[in-house]
Amino acid sequence: PTYGTVSRYGLVAFASSLDQIGPIAESAEDCGLILNAISGKDAHDQTSRNVNIDFNGLVGQDIKGLKIGIPKEFFGEGIDEEVKDAVMKAVDFYRNAGCEIIEVSMPTLKYAVSAYYLLACAEASSNLARFDGVRYGHRTASAKNLLEMYCKSRAEGFGPEVKRRIMLGT
């Protein structure tokens with residue numbers, strides 16, 4: 001969902017500008033029901049906002065004339081044929097339902113992964129610094145002093161990928 005629609009209160013912050021909470025369900029209608037229940041302003045999250053939307057308000061309405069953009073860059077090198085076939089079946093479904101399918105271009109998409117790694121790792125380094133075993137996160141049972149508790153708690157509490165991202169972000 002759009003940033004701020006669902007409170008992130010209680011979420012272990014990895015990358016604040018990227019972290020989102022939202023439903024995964026069997027259908028769009030089920031996602032709408034969940035979003036109706038969990039969206040809205042939360043005093044514990046300054047980024048949350050008032051939401052006055054019925055996320056299922058358009059379910060069942062005619063979609064004829066709706067424009068759907070299909071980014072051509074999504075169908076380049078590396079796409080799995082099974083995924084491509086499934087997407088094209090959906091495109092055919094919407095075209096047959098009267099939607100206008102438009103090929104669009106996202107020329108800066110080639111920078112997305114690089115930008116993600118810069119932002120995500122820098123924010124992870126900052127956000128995960130609080131997980132020191134004192135107030136937040138895992139606390140080791142085998143430390144003999146405060147410095148050892150910090151070091152061992154973080155060493156035991158984070159897996160190799162999280163440690164790698166913290167180091168890259170630092």
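Q: Helices here are DSSP runs of H or I, at least four residues long, numbered from the N terminus. With that in hand, where is the place of Arg165?

A: This is a predicted model. Arg165 sits in helix 5. That helix covers residues 160-169.

Q: Is Arg165 buried or exposed?

A: Start with the cut-off: buried means under 20% relative accessible area. Arg165 has 14%, so it counts as buried.

Q: Which residues is Arg165 in contact with, leaving aside its neighbours within four places in sequence?

A: Arg165 contacts Phe14, Tyr116, Tyr117 and Cys121. Cys121 is itself buried, at 3% relative accessible area.

Q: Now charges. How many salt bridges does a search of the whole structure find?

A: To read one, look for a side-chain nitrogen of Lys or Arg within 4 Å of a carboxyl oxygen of Asp or Glu. The search returns four across the whole structure.

Q: Which side chain meets that of Arg165 in a salt bridge?

A: Glu161 does, with N and O 2.8 Å apart. Salt bridges with shared partners link Glu161, Arg164 and Arg165 into one network.

Q: What does Glu161 form with Arg164, and how far apart are the closest N and O atoms?

A: Glu161 and Arg164 form a salt bridge, and their closest N and O atoms are 3.0 Å apart. Why can they pair? First, the general idea. An α-helix has 3.6 residues a turn, so residues three or four places apart point the same way. Now the case here. Glu161 and Arg164 are three residues apart in helix 5, so about one helical turn separates them.

Q: How does accessibility read for Glu161, and for Arg164?

A: Glu161 is partly exposed at 35%. Arg164 is partly exposed too, at 46%.

Q: Which residue forms a salt bridge with Lys152?

A: Glu148 does, and the closest N and O atoms are 3.2 Å apart. Both residues belong to helix 4, residues 146-157, where they are four residues apart, so about one helical turn lies between them. Lys152 is partly exposed at 27% relative accessibility. Glu148 is partly exposed at 22%.

Q: What reaches the backbone nitrogen of Leu147 at the start of helix 4?

A: A side-chain oxygen of Asn145 comes within 3.2 Å of that nitrogen.

Q: How many disulfides does the structure hold?

A: The general idea: a disulfide is a covalent bond between the sulfur atoms of two cysteines. This structure holds zero. Take two of its cysteines. Cys121 is buried at 3% relative accessible area, whereas Cys151 is partly exposed at 48%.

Q: Which residues make up the largest nonpolar core?

A: In soluble globular proteins, nonpolar side chains tend to be buried together. Here the largest such core has five residues: Ala124, Leu128, Phe131, Phe158 and Ile166. Setting aside residues up to four places away in sequence, Ala124 touches Phe14 and Ile166. Phe14 is also among the contacts of Arg165.

Q: Now a loop. Where is the place of Ser48?

A: Ser48 is in the loop that runs between helix 1 (28-38) and strand 1 (67-71). At 4% relative accessibility, Ser48 is buried.

Q: Which residue has its backbone nitrogen 2.8 Å from a polar atom of the side chain of Ser48?

A: Asp42 has. Beyond residues up to four places away in sequence, Ser48 touches Gly4, Ser7, Gly40, Lys41 and Asp42.

Q: Last residue. Where is the place of Lys84?

A: Lys84 is in helix 2, residues 81-96. Lys84 is partly exposed at 29%. Its contacts, not counting residues up to four places away in sequence, are Phe75 and Ile79. Lys84 and Phe74 are ten residues apart in sequence, with 9.0 Å from C-alpha to C-alpha.

Note on methods. Residues numbered from 1 in each chain as written. Predicted model: local features only at pLDDT ≥ 70, side-chain atom pairs only at ≥ 80, totals over all residues. Heavy atoms only, no water. Helix = DSSP H or I, 4+ residues; strand = E, 2+ residues; numbered from the N terminus. Buried < 20%, exposed > 50% of the residue type's maximum accessible area, 1.4 Å probe, protein only. Polar contact = N/O pair within 3.5 Å; in protein donor to acceptor, adjacent residues only side chain to side chain. Disulfide = S-S within 2.5 Å. Core = buried A, V, L, I, M, F, W, Y, C linked by side-chain atoms within 4.5 Å. Contact = heavy atoms within 4.5 Å.
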